[in-house]
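Good morning, and thank you for joining this group meeting. I would ask you to look at the model on the screen while I speak.

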Amino acid sequence: MIQQYINSGILEAYVTGCASESEVKELLRMKAEHPEVNIALKELEADMEFLAQQMAVTPPLSTWGKISDDIDEIMLREKRELQQFKQPEPKQQEAPGTGPTYIEVEGASSHMRIHKAWRWVFAAVFILGKIFLGFAIYFYLENRQAQKQLQKLETEIQQLKR
Amino acid sequence: MDALTKHWLNLREQLTFNEAALPSIKQAAHELYTNYGAMLLGYIIEVVKDRPVAEGYLADIFSGLSVGDIQYIAGTPDGSTYCRLQQYTRNKLVSFVNTVDDCADSPDNVTIRGNRLIDLMTAEQQLVFCGVHYHGKSVSSLANELNKTSDEIRQILKQSFNIIRSNRK
């Protein structure tokens, strides 16, 4: 019975999109009830893909560029329409006696976003850090040199006293 | 469930109609285009019989994919994504399909006949297969045209698929 149904050609008609509505309905029911029908359908879909692969023609490189531009245009239009129809949010009325309401601002993300102007501040802090480090090294060396000279002078004075 | 299906299901979750999801639509369209663009162009060329026109249709089809279309084509875990995309394309081309000559009406048409698999079919099988697949004809209309019963047309269609399968395996 099932094999007869599979061999009837209805599955082929369904895969090529020429089955009638009642045939499609019956096929979907049969597919749900009988795994053999599902397997046969998958085989037919693989046949269709095989045929399509055999007849494939690579589109020119510029085609995706055109599609991409069109999608961008549609996106922009939809974005504008979304903004146009977006209702302004009603202002929340403060309940009497409850005081100001606080909104939880801590997000789930562990990252934070800051204004681009801060990069100059970070650059300045970095450069100043380097300058201070340079000074610190310079004065450390100077101080070590001075200590050595002082020690030398003390030794000379002691020798002269003797 | 294979990795590709999982990927498509993830993508489907992102595809809700809001501003943030718009780049996902483009990404999904691009993946469909990368995977099936060449196969679909081959199909459209056979339908419209003109490569530049077919390329125009291909671009229109991918540009016009809505969230719902992508969800249906790529997000359905059961069945072939390509077959759903082809069905979608066939529906979009329906107005064009009726204006194109049949395979039998255009004997000088070498595009389909140049294909190894179609060449292996008999004239009758080609007529039925091309009529259904490329010209969007129904079984009943083909039965009327060829003076055969619908069952006979389905059997011829089945034979055409048998030829494709014998070459696939």
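Let me begin with two helices of chain B. The axes of helix α9 (residues 139-146) of chain B and helix α10 (residues 150-168) of chain B come within 8 Å and cross at roughly 105 degrees. Axes here are lines fitted to C-alpha atoms, for helices over the stretch in contact, and angles run from 0 to 180 degrees between N-to-C directions. Helices (H or I, at least four residues) and strands (E, at least two) are DSSP runs, numbered from the N terminus. On the α9(B) side, the contact is made by B:Val139, B:Ser140, B:Leu142 and B:Ala143, and on the α10(B) side by B:Ser150, B:Ile153 and B:Arg154. Two residues are in contact if their C-beta atoms, placed from the backbone, lie within 7 Å.

A word on conventions and confidence. This is a predicted model, in which local features need pLDDT of at least 70, side-chain atom pairs count only at pLDDT 80 or more, and totals for chains, interfaces and linings use all residues. Residues are numbered from 1 along each chain as its sequence is written, while chains are lettered from A and ligands numbered from 1 in the order in which they are written. The model scores ipTM 0.78 and pTM 0.65. Chain B averages a pLDDT of 79, and 75% of its residues score at least 70; pLDDT is the predictor's confidence in each residue, from 0 to 100. Over residues 104-111 of chain B the pLDDT is below 50. Where pLDDT is low, the predicted coordinates should not be read in detail.

I turn to the interface. Here 36 residues of chain A are in contact with 40 residues of chain B. On the side of chain A that touches chain B, α2 (10-15), α4 (35-54) and α5 (62-85) each give two or more residues, and α4(A) gives the most, with 11 residues.

Which residues of chain B does A:Thr16 touch? Not counting residues up to four places away in sequence, A:Thr16 touches B:Val132 and B:His133. A:Thr16 lies in the loop between α2 and α3 (21-33) of chain A. A:Thr16 is buried, with 26 other C-beta atoms within 10 Å; the cut-offs are 20 or more for buried, 12 or fewer for exposed, and partly exposed in between, with C-beta atoms placed from the backbone.
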